[in-house]
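Please read the following note beside the sequence and the coordinates.

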Amino acid sequence: MPFVPPFLYRLAGINSGPATKLSLRTVRSLRRGKHAIGEECIINGVFSFDRADAKITVGKRSYIGKSHLVAAEKIEIGDDVIISWGTTVVDHNSHATSWQDRKEDVADWHQGKKDWSKITIAPVKIEDSVFIGFNVIILKGVTIGKGSVVGAGSVVTKDVPPFSMVGGNPAKQIGGAAARSAT
């Protein structure tokens, strides 16, 4: 994947630390929202900001493969995090769960509107030294604790304790705890 030359980040209004590498699709998506990316990151993913005040932050030395982060409020990723390809992180339901509350969604979109008043939103936090496998889905309100591992194909609906290994749909603790060598 070709990366955009760093001097162009500043021209595009990208807030990233030194030695960070961003793909063209990442740069395009970051221009549309509030963000902060630490130094020495490699990011190939797409960032979607569903509301004007939404924010996505990424710590130092983190890697995000061809994944999708979707924020209406806040997604926070710590230092030394690895997120494999195909992962989706979302901090909201996107739509109201009641038909009566969402029945006008498509008609509203035609007019460039979205009613967020009946949609559940809760920030997502991925702490330092976490590894997330391929094709994981992380839903609103989840904190993934420091040093944890999330197995490929998992759907994370609840908090993951630090140094845990989880997998499945919904994600549950599997095997033993993740190694505590993460600092």
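1. On the basis of the note. This is a predicted model, in which local features need pLDDT of at least 70 and side-chain atom pairs count only at pLDDT 80 or more, while totals for chains, interfaces and linings use all residues. Residues are numbered from 1 along each chain as its sequence is written, and side-chain values use heavy atoms, with hydrogens and water left out.

2. Strand S7 (residues 68–71) pairs with strand S10 (residues 88–90) in the parallel sense over 3 bridges, where strands (E, at least two residues) and helices (H or I, at least four) are DSSP runs numbered from the N terminus, and two strands pair if DSSP finds at least two bridges between them. Both belong to an open sheet of 5 strands with parallel pairing, in the order S4-S7-S10-S13-S16. Strand S4 (46–49) and strand S16 (155–156) stand at its edges, and because each has a single partner strand, one side of each is left without a neighbour in the sheet.

3. On the other sheet. A further open sheet, also described by parallel pairing, has 5 strands in the order S2-S5-S8-S11-S14. Its edge strands, each pairing on one side only, are strand S2 (34–37) and strand S14 (143–144). S2 pairs with strand S5 (residues 55–58) in the parallel sense over 4 bridges, and Ile-37 has Val-58 in S5 as its bridge partner.

4. Leaving aside neighbours within four places in sequence, Ile-138 is in contact (heavy atoms within 4.5 Å) with several residues, including Val-90, Ile-126, Ile-132, Ile-144 and Val-156.

5. On the charged pairs. The count comes to 4 salt bridges, each being a side-chain nitrogen of Lys or Arg within 4 Å of a carboxyl oxygen of Asp or Glu. Among them, Arg-51 and Asp-53 have their closest N and O atoms 3.8 Å apart, and for Lys-74 and Glu-76 the corresponding separation is 3.7 Å. Lys-113 forms a salt bridge with Asp-108, with the closest N and O atoms 3.9 Å apart. Here Asp-108 is buried, with a relative accessible area of 17%, whereas Lys-113 is partly exposed at 43% (buried means under 20% relative accessible area, exposed over 50%, and partly exposed in between, with a 1.4 Å probe and protein chains only).

6. The largest cavity holds about 40 Å³ of space, a volume being the space filled by probe spheres set on the points, which are joined across faces, edges and corners. Its lining residues, which have an atom within 4 Å of a point, are Ala-96, Asp-101, Arg-102, Asp-105, Asp-115, Lys-118 and Ile-119.

Methods
On a 1 Å grid over the protein atoms alone, a cavity is a set of points where a 1.4 Å probe fits but cannot get out, and a pocket is an open set with protein on both sides within 12 Å along at least five of seven lines; lining residues have an atom within 4 Å of a point.
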